[in-house]
Number of protein chains: 2
Amino acid sequence: MSILVVGSVALDAIETPFQKADRVLGGAASFFATAASLYDEVNMVAIVGSDFPREHLEFWQRHHIDLSGLQIQEGKTFSWGGRYHLDMNHRDTLYTELGVYADFHPVVPETYRQSPLLFLANIQPSLQLEVLEQAPNARLTVLDTMELWITAARQELTEIIKRVDVLLMSEEEVRQYTEQASILAGARQLLDMGLKYLVVKLGSYGALLFGADATYFSAPAYPLEEVIDPTGAGDAFAGGLLGYLSTVEPGSNGAYSAEDMKRAVVHGNIIGSFACSDFSINGLRELSIADIKQRYNELVTYSHFDPHWNVR
Amino acid sequence: MSILVVGSVALDAIETPFQKADRVLGGAASFFATAASLYDEVNMVAIVGSDFPREHLEFWQRHHIDLSGLQIQEGKTFSWGGRYHLDMNHRDTLYTELGVYADFHPVVPETYRQSPLLFLANIQPSLQLEVLEQAPNARLTVLDTMELWITAARQELTEIIKRVDVLLMSEEEVRQYTEQASILAGARQLLDMGLKYLVVKLGSYGALLFGADATYFSAPAYPLEEVIDPTGAGDAFAGGLLGYLSTVEPGSNGAYSAEDMKRAVVHGNIIGSFACSDFSINGLRELSIADIKQRYNELVTYSHFDPHWNVR
């Protein structure tokens with residue numbers, strides 16, 4: 001199978017309270033594709049400038065990431081600068097330079113249109129819609145978004161939520177979009193828009209899965225002693241989720257079961273944890289399925305408990 | 001068996017963004033004892049004034065809570081007023097009237113001294129030490145504390161942490177006491193003081209269990225659509241934890257196993273969730289073991305996932 005992603009590729013400048021990194025590979029599509037390529041082939045739709053280092057392209061090609069949908073255009077690659085606070089859960093944007101991204105219109109190559117899995121990373125909802133219309137045959141469509149679009153493009157965001165299968169949102173984004181204080185009430189409101197599943201990302205507390213079939217699942221976070229750089233953790237989470245699903249045979253109705261989705265969310269947390277352990281995509285570069293399996297087994301031990309008990 | 005608790009009994013004035021309640025039963029010992037009495041007999045050491053409503057004493061007596069350690073003294077019962085913010089995770093203290101609590105010195109009746117389980121609720125560490133010395137035979141000693149004592153009585157708190165088996169702290173309290181940004185590093189520092197177990201309460205995200213034997217366990221929160229009043233949830237959590245342990249036969253070395261402790265933390269989360277569903281102890285008054293069992297079974301479904309997976 002293969003996984004189609006559209007999103008940003010960037011050169012980031014990151015400052016944490018402890019370290020700095022300049023012009024490192026960033027962007028949602030970069031993290032997602034690198035993560036998903038641990039499991040399966042990835043088709044990338046994105047744009048970079050003529051300044052984009054060739055080494056990143058070569059790395060991706062070695063990792064079975066097809067770049068025929070990557071536009072390389074005269075000019076500067078999208079660049080983002082951010083500074084993290086002491087708790088690493090909050091950050092300030094220092095600058096955003098759109099570069100060639102300013103005029104980006106995604107074009108899905110003919111060879112990508114049979115990808116059964118589609119991930120719409122957190123770019124403008126209008127661009128996400130353009131991609132959705134160019135890939136009408138995807139078996140599973142997964143949407144990510146960000147605070148900016150909830151306020152700046154609410155109507156387009158609403159339109160696309162109604163047309164996808166799975167939505168990923170942080171807890172704050174659920175509250176902001178639904179205007180519900182209760183995550184359970186907010187989740188119900190979002191599922192009522194036609195989603196099959198909603199995944200609520202809780203950062204260092206793990207993630208919650210809500211299903212239209214009333215599935216509820218709380219996935220434990222993988223405990224990290226130290227977070228080096230949380231940039232891209234949410235995109236890597238999506239890469240683990242869709243990467244794992246690409247290895248699963250869906251049911252005869254073409255749908256993934258709740259148990260498939262639970263495992264997929266656990267994979268998301270695991271890959272997100274690896275992404276936090278270094279700058280840029282470096283925490284994902286050398287991973288093997290055996291590394292993922294080890295954290296999966298640990299998470300089973302860390303979260304399962306005796307399903308039976310009796311009071312004397 | 002029986003469970004010995006020392007802590008505050010109060011008459012609270014609570015304001016949430018949606019409702020108010022005045023002079024309702026509060027205090028850590030009240031929540032703990034009511035919660036633990038769902039499982040076993042409870043012995044209470046505390047103090048109230050002559051204004052304390054008789055109905056509360058009668059309720060506790062009907063629920064097998066022994067009150068021979070409850071001092072009733074001429075004067076006013078300890079009273080606390082608090083107002084919750086919109087997110088219900090933060091609150092301001094409006095007033096604290098110590099009343100008869102100002103001169104409280106706990107006295108553990110002779111008949112209580114064989115209680116195998118001891119809970120030291122979040123009163124002054126010096127008073128907790130007085131109780132620990134009057135109950136030297138407890139098989140398991142569990143300590144709770146609060147931010148105030150970390151700053152105002154750090155030395156006494158340190159002394160008592162070194163002498164108990166289990167410590168309960170919120171995530172913020174772990175950071176504050178250990179001055180570690182990483183909860184894992186903070187937990188290790190606390191375990192190195194001689195604890196058998198540390199339980200880190202994460203509020204609506206559940207709880208973490210750390211063991212000196214390297215046990216790590218992430219217990220899911222019971223998902224609540226609506227929180228009416230979170231006051232006492234931490235004390236009710238402790239009541240569920242110790243209440244459940246009182247029904248378990250410890251190993252031949254007199255110690256509870258990591259599996260016992262995991263189940264106990266799950267019980268803590270369940271009882272804490274019931275406490276949040278109404279003002280005062282009202283969410284706990286009419287509970288049965290069947291109610292607890294139902295939420296336990298739900299939490300198994302909500303948090304367990306397939307321990308095996310294979311990549312194609």
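Tutor: In helix 6 of chain A, A:Glu171, A:Val174, A:Arg175, A:Tyr177 and A:Thr178 meet A:Ile183, A:Gly186, A:Ala187, A:Gln189 and A:Leu190 of helix 7 of chain A. Contact means heavy atoms within 4.5 Å, and helices are DSSP runs (H or I, at least four residues) numbered from the N terminus. This is a predicted model, where local features need pLDDT of at least 70 and side-chain atom pairs count only at pLDDT 80 or more, while totals for chains, interfaces and linings use all residues. Residues are numbered from 1 along each chain as its sequence is written, chains are lettered from A and ligands numbered from 1 in the order written, and side-chain values use heavy atoms, without hydrogens and water.

Student: What angle do helix 6 and helix 7 of chain A pack at?

Tutor: About 65°, with the axes 9 Å apart; axes are lines fitted to C-alpha atoms over the stretch in contact, and angles run from 0 to 180 degrees between N-to-C directions. Helix 6 of chain A and helix 7 of chain A are therefore roughly perpendicular (65 to 115 degrees).

Student: New topic. How many disulfides are there over all chains?

Tutor: Zero, from a search of the whole structure; a disulfide is a pair of cysteine sulfur atoms within 2.5 Å.

Student: Is A:Cys276 buried or exposed?

Tutor: A:Cys276 is buried, at 10% relative accessibility (buried is under 20% relative accessible area, exposed over 50%, partly exposed in between, with a 1.4 Å probe and protein chains only).

Student: And what about B:Cys276?

Tutor: B:Cys276 is buried, with a relative accessible area of 10%.

Technical notes: Helix = DSSP H or I, 4+ residues; strand = E, 2+ residues; numbered from the N terminus. Parallel < 35°, antiparallel > 145°, perpendicular 65-115°, else oblique.
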